Amino acid sequence: MTTTGTIKLESDYNQELQIITLSVADTGCGIPAEDKARLFEPYFSTKKTGTGLGLAIVSTIIADHNGYIRVRDNKPQGSIFIIELPATTA
(Lines give C-alpha, C1' and ligand atoms only; values in the text may rest on other atoms or scores of the structure.)
Protein backbone atom coordinates (compact mmCIF):
# COMPACT_ATOMS: atom_id res chain seq x y z
CA MET A 1 0.00 0.00 0.00
CA THR A 2 1.11 3.54 -0.52
CA THR A 3 -0.10 5.98 2.13
CA THR A 4 -3.70 5.06 2.88
CA GLY A 5 -5.68 1.88 3.21
CA THR A 6 -6.60 -0.85 5.62
CA ILE A 7 -4.72 -3.94 6.78
CA LYS A 8 -6.76 -6.73 8.34
CA LEU A 9 -5.30 -9.68 10.26
CA GLU A 10 -7.30 -12.83 10.91
CA SER A 11 -6.54 -16.18 12.47
CA ASP A 12 -8.47 -19.42 12.54
CA TYR A 13 -8.00 -22.89 13.96
CA ASN A 14 -9.58 -25.90 12.31
CA GLN A 15 -9.69 -28.51 15.06
CA GLU A 16 -10.75 -31.32 12.74
CA LEU A 17 -7.85 -30.76 10.31
CA GLN A 18 -5.45 -29.49 13.01
CA ILE A 19 -4.54 -26.47 10.86
CA ILE A 20 -3.92 -22.88 11.88
CA THR A 21 -4.73 -20.29 9.21
CA LEU A 22 -3.36 -16.75 9.30
CA SER A 23 -4.58 -14.14 6.81
CA VAL A 24 -3.19 -10.69 6.08
CA ALA A 25 -5.44 -8.61 3.82
CA ASP A 26 -4.97 -5.09 2.53
CA THR A 27 -6.92 -2.62 0.42
CA GLY A 28 -3.93 -1.53 -1.66
CA CYS A 29 -3.55 -1.67 -5.43
CA GLY A 30 -3.29 -5.47 -5.54
CA ILE A 31 -0.77 -7.67 -7.32
CA PRO A 32 -0.86 -8.07 -11.11
CA ALA A 33 -1.75 -11.61 -12.25
CA GLU A 34 1.55 -11.99 -14.11
CA ASP A 35 3.49 -11.27 -10.88
CA LYS A 36 1.57 -13.70 -8.67
CA ALA A 37 3.15 -16.76 -10.29
CA ARG A 38 6.66 -15.50 -9.47
CA LEU A 39 5.97 -13.79 -6.16
CA PHE A 40 7.74 -16.38 -3.98
CA GLU A 41 10.74 -16.90 -6.31
CA PRO A 42 14.14 -15.73 -5.04
CA TYR A 43 15.32 -12.45 -6.57
CA PHE A 44 11.96 -11.58 -8.13
CA SER A 45 11.08 -7.97 -7.38
CA THR A 46 9.03 -5.24 -8.98
CA LYS A 47 10.97 -2.56 -7.08
CA LYS A 48 14.19 -0.98 -8.27
CA THR A 49 15.77 -1.21 -4.82
CA GLY A 50 14.28 -4.56 -3.77
CA THR A 51 16.33 -7.73 -3.52
CA GLY A 52 13.38 -10.06 -4.07
CA LEU A 53 14.32 -12.23 -1.11
CA GLY A 54 11.66 -11.31 1.46
CA LEU A 55 8.73 -13.45 0.32
CA ALA A 56 11.08 -16.22 -0.86
CA ILE A 57 12.50 -16.45 2.67
CA VAL A 58 9.01 -16.35 4.20
CA SER A 59 7.88 -19.14 1.87
CA THR A 60 10.91 -21.28 2.78
CA ILE A 61 10.37 -20.83 6.52
CA ILE A 62 6.70 -21.77 6.20
CA ALA A 63 7.55 -24.81 4.03
CA ASP A 64 10.18 -25.88 6.60
CA HIS A 65 7.31 -26.03 9.11
CA ASN A 66 5.17 -28.12 6.70
CA GLY A 67 2.95 -25.17 5.88
CA TYR A 68 1.79 -23.30 2.82
CA ILE A 69 1.51 -19.66 1.78
CA ARG A 70 -0.54 -18.32 -1.09
CA VAL A 71 -1.86 -15.01 -2.33
CA ARG A 72 -5.22 -14.10 -3.80
CA ASP A 73 -7.16 -10.98 -4.70
CA ASN A 74 -9.00 -9.15 -1.94
CA LYS A 75 -12.32 -8.20 -3.50
CA PRO A 76 -12.97 -5.46 -4.43
CA GLN A 77 -9.40 -4.16 -3.96
CA GLY A 78 -6.06 -5.34 -2.61
CA SER A 79 -4.45 -8.68 -1.79
CA ILE A 80 -4.72 -11.40 0.82
CA PHE A 81 -1.79 -13.55 1.92
CA ILE A 82 -2.93 -16.81 3.49
CA ILE A 83 -0.61 -18.93 5.63
CA GLU A 84 -1.59 -22.44 6.71
CA LEU A 85 0.42 -24.28 9.33
CA PRO A 86 -0.12 -27.65 10.98
CA ALA A 87 -1.04 -27.42 14.66
CA THR A 88 0.65 -30.72 15.46
CA THR A 89 4.29 -31.74 15.44
CA ALA A 90 3.66 -35.21 14.00
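**Exercise 1.** Locate Tyr68 among the secondary-structure elements and decide whether Tyr68 is buried or exposed.

*Solution.* Tyr68 belongs to strand E3, which covers residues 68-73, where strands (E, at least two residues) and helices (H or I, at least four) are DSSP runs numbered from the N terminus. The model is a predicted one, in which local features need pLDDT of at least 70, side-chain atom pairs count only at pLDDT 80 or more, and totals for chains, interfaces and linings use all residues. Residues are numbered from 1 along each chain as its sequence is written, and side-chain values use heavy atoms, with hydrogens and water left out. Tyr68 has a relative accessible area of 57% and is therefore exposed, given that buried means under 20%, exposed over 50% and partly exposed in between, with a 1.4 Å probe and protein chains only.

**Exercise 2.** Find how far the C-alpha atom of Tyr68 is from that of Leu53.

*Solution.* The two residues stand 15 residues apart along the chain, and their C-alpha atoms are separated by 17 Å.

**Exercise 3.** Identify which elements give two or more residues to the lining of the largest pocket.

*Solution.* The lining of the largest pocket comprises 24 residues, with Ile31, Leu39, Thr46, Lys47 and Leu55 nearest its centre; a pocket is an open set of points on a 1 Å grid over the protein atoms alone, where a 1.4 Å probe fits, with protein on both sides within 12 Å along at least five of seven lines, and lining residues have an atom within 4 Å of a point.
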